[in-house]
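Dear colleague,

Please find the structure below, handed over for your review. My notes on its charged side chains follow.

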Amino acid sequence: RIIKERLQQSLVHEPPVRAVDDIGEVRKKAGFESDGKELGLFQRTGEDYRIFVLNGLTEPLADETLAHEWGHAWCAEQGNPDHAQWVEEGFCQWLAAQVLTEKKNERSLKILASRDDLYGQGYRFIAEIDKRGGQAAVFDYIQSPPPPNAPRKER
C-alpha cells in the first residue's frame, strides 16, 4: 500500500505472500543456493510471481523484507535486466527505505543504510540517484539500460 500510494507504483502480477518457517528450504527447492540467513524470497516462474517471507519477523523486519521482495517483482516486470545484481538489490533496499521512512522507523533505516555488503553498496548508489534527481530518476534508471561504463549484470 505504501509503495502504491507514496511512489505511485504497482504490479501487473501482484504476487501472493506466503510466510514460511525456512526460506532456505524454499530457495533450495527453487534451485537457488542458501546461506540460511535469508528473510525473504521473490520467485518467478513464467507469469507466476510469489513472495515468501520468514515466519516470526518483527514488524520492521517484515516491512523491510516485504518491500524488498516486492521490489524484485517490480524489477522482473518493469526493470531492465542488464543492471548488476548489486544495483537491483540496492533498488530493492531503497524501496524498503521508502516504507521504513513512511513508518518513521529511524532505527531500521540507520541499519539499512549502514550495511557494508552489496545491499548497502547498492542502496547508497540508488539513494544518490534519488538525491540528485528524485524518485522519478530512480525508476527511470532501473527501467533503462545501464549507461556506458555503468555496472552491468555479469553473464
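How many salt bridges does the structure hold? There are seven salt bridges, a salt bridge being a side-chain nitrogen of Lys or Arg within 4 Å of a carboxyl oxygen of Asp or Glu.

This is a predicted model, in which local features need pLDDT of at least 70 and side-chain atom pairs count only at pLDDT 80 or more, while totals for chains, interfaces and linings use all residues. Residues are numbered from 1 along each chain as its sequence is written, and side-chain values use heavy atoms, with hydrogens and water left out.

One of the pairs joins Glu59 and Lys103, with 3.1 Å between the closest N and O atoms. Glu59 lies in helix α3 (residues 59-78) and Lys103 in the loop between α4 (85-102) and α5 (106-114), so this pair ties together parts that are 44 residues apart in sequence. Helices here are DSSP runs of H or I with at least four residues, numbered from the N terminus. Glu59 is exposed at 53% relative accessibility, whereas Lys103 is partly exposed at 38%; exposed means over 50% relative accessible area, buried under 20% and partly exposed in between (1.4 Å probe, protein chains only). Together with Asp63, Glu59 and Lys103 form a network of salt bridges.

Two further pairs may interest you. Arg115 bridges to Asp117, the closest N and O atoms lying 2.6 Å apart; Arg115 is partly exposed at 28%, and Asp117 is partly exposed at 30%. Arg44 pairs with Glu47 at 3.6 Å between the closest N and O atoms, and Arg44 is partly exposed, with a relative accessible area of 40%.

Yours sincerely

Note on methods:
Helix = DSSP H or I, 4+ residues; strand = E, 2+ residues; numbered from the N terminus.
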